Amino acid sequence: MTTVAPGRTDRADSGAGSGKGDARRRLPRIPDRIRHGGLPYLLLLPAVVLELLVHLIPMVMGIVMSFRRLTQFYIRNWGEAPWAALDNYKVAVDFDAPIGQALLHSFYVTCLFTVFAVGLSWLFGVGAAIMMQENFRGRGFLRAVFLTPYALPVYAAVITWAFMFQRDNGLINHVLHDQLGLTDQPSFWLIGDNSFIALVVVAVWKSWPFAFLIVMAGLQNIPRELYEAAAIDGAGVWQQIRKITLPSLRPVNQVLVLVLFLWTFNDFNTPYVLFGRAAPEAADLISVHIYQSSFVAWNFGSGSAMSVLLLLFLLLVTAVHLLLTSRGRRGADA
Amino acid sequence: MPKPPRSPSAPPQSFLWTRRVVLTFLTAFALLPVYVMVSSSVKPLQDVSGKFQWIPSGLTIRPYFDIWNTVPLARYFLNSLIVAGAATVLSVVIAVFAAYAVSRYRFHGRRVFTITVLSTQMFPGILFLLPLFLIFVNIGNSTGIALYGSRGGLILTYLTFSLPFSIWMLIGYFDSIPRDLDEAAMVDGCGPLGALFRVVVPAAVPGIVAVAVYAFMTAWGEVLFASVMTNDVTRTLSVGLKGYATQNDVYWNQVMAASLVVSVPVVAGFLLLQRYLVAGLTAGAVK
């Protein structure tokens, strides 16, 4: 692997245009650039046009749609759908009525699912990366093995899991029931309460390699001298992991957990391929729930309102995360 | 990827044993579905319909022939190839220009642009799916351009995730290429675009490869947009694989064979190019 460019976090800052060190380094060159006038805008033009087309216009439209009574009768001309003011939102958050109740339940399931899936993916990823920090025979091979779930197309992998979770001819029941005798009778995994477990297992299988990848890269930025100094001072491997490796990984972990959270919370592919259009109640993730209420129940208005609520929630979490981590960073700098 | 040992002293037995246990468990966990996929794809139908067997009772390659006839797999394959390929090329080319502008110039709106691009990455696909669906249907009604159900429409929707990711990663990658390089080229008489194509792009090949691999993989595995935005003719693999389940029976051996066939190209490409991907992922923003 080529060397890792230093400072992922620096770059995130400079991308947002706020890197102080950055600005100082580049300042003297600015006048040069300004003479180029329109060129940067010209270079950006295709990207801006497409961003408008695929992101901004749909988003504005989605917000407008959420204020309309948009059912299947108005799909051909959504502009004529009657104005609904806040009705879609009221219905979505009316937790005494069926729709609001189902949304709240789905939100709760998604939160629980995210906690388990992100927690375990992170744990496996960090564990594997730390265990493989040191070179040993077969390390390169294992790395390829661990990255395989990440490389497999989602639906092919999840279909295989669906096969493994089949009640009568699946591997899971064969092992748990026939071979180990742990259950009285073969269990259902893709319907009922067990479906939550099945969903978490598949999600973790799919996303821990990403955590592994990122943590492994983060480990390479830890200077070797730290370990050498610790070893001279008599610290064993376990102590080195606790005192050097884990604290050094903090910035990487902060970004990693946020990314895993966003992916997991928004995950549609896994439940949709595992369960089909309608997920069992115990595994009714919010993406599928919105899909279901929009494209199966044909209520785009309330589907849009739910999407907007979801977006607001994600923005809130991300803002809190950024606030907390930047405060931590400032504290560390001081 | 040679890397110096972490500590000069030999690790203690407790560490070695933990390592063995952890790595064995994770290997089994990672490979279990791969084993099921491969072994079930060569089992006769009665084997995959009955109790699971670790060792197939008989080997057959029939499923590998049948998969092409049970569903029009070749067509789905071609659709996936066109859609994922076009989305990848389009987003990488556009992202190269945009990332170059952001990385090398200071201009008004730069901050707004980067923040917008970054933030769209966290939005759930479902948020864009509903409006894009309605936009496509309405454009089709008013102008007769059939975006809904077409490959072009699907390619466009795939830009919702591949474009911001590509731009964001390439900004990071271009930033890591010393500015002096392209400035020297400009002093030598290259225009800004000459500097981009003769210096920056060649120097950023690993990053560009990483972005392309990632964009292609994501598009190849995409399910949400594909399930809404395609019809019988334009269906991609991610939706088409469902066809092996009939009213009465699921041809699990064919499902597994087809899954393997659609996985091999991306897994092979990924394992070949993973060095670039890892380097790119870590040199750019994590995502």
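Which helix of chain B holds both Phe216(B) and Trp220(B)? Both residues lie in helix α10 (residues 205-220) of chain B, 4 residues apart, about one turn of the helix; helices are DSSP runs (H or I, at least four residues) numbered from the N terminus. The model is predicted, with local features requiring pLDDT of at least 70 and side-chain atom pairs pLDDT 80 or more, while totals for chains, interfaces and linings use all residues. Residues are numbered from 1 along each chain as written, chains are lettered from A and ligands numbered from 1 in written order, and side-chain values use heavy atoms, without hydrogens and water.

**Aromatic pairs**
- Over all chains there are 40 aromatic pairs, defined by ring centres of Phe, Tyr and Trp (its six-membered ring) within 6.5 Å, with planes under 30 degrees apart counted as stacked, over 60 as edge-to-face and the rest as tilted.
- Phe210(A) and Trp263(A) form a tilted pair, at 4.6 Å centre to centre and 55° between the planes.
- This pair links distant parts of the chain, 53 residues apart: helix α10 (residues 194-219) and helix α13 (residues 250-265) of chain A.
- Phe210(A) is buried because its relative accessible area is 1%, the limit being under 20% with a 1.4 Å probe and protein chains only; exposed means over 50%, and partly exposed in between.
- Trp263(A), at 26%, is partly exposed.
- Phe216(B) and Trp220(B) are stacked, at 5.5 Å and 20°.

**Charges over rings**
- Arg20(B) lies over the face of Trp17(B), 4.6 Å from the ring centre; the criterion is CZ of Arg or NZ of Lys within 6 Å of the centre and within 35 degrees of the ring normal.
- The charged end of Lys43(B) sits over Phe52(B), 4.3 Å from its ring centre.

Note on methods
Helices (H or I, at least four residues) and strands (E, at least two) are DSSP runs, numbered from the N terminus.
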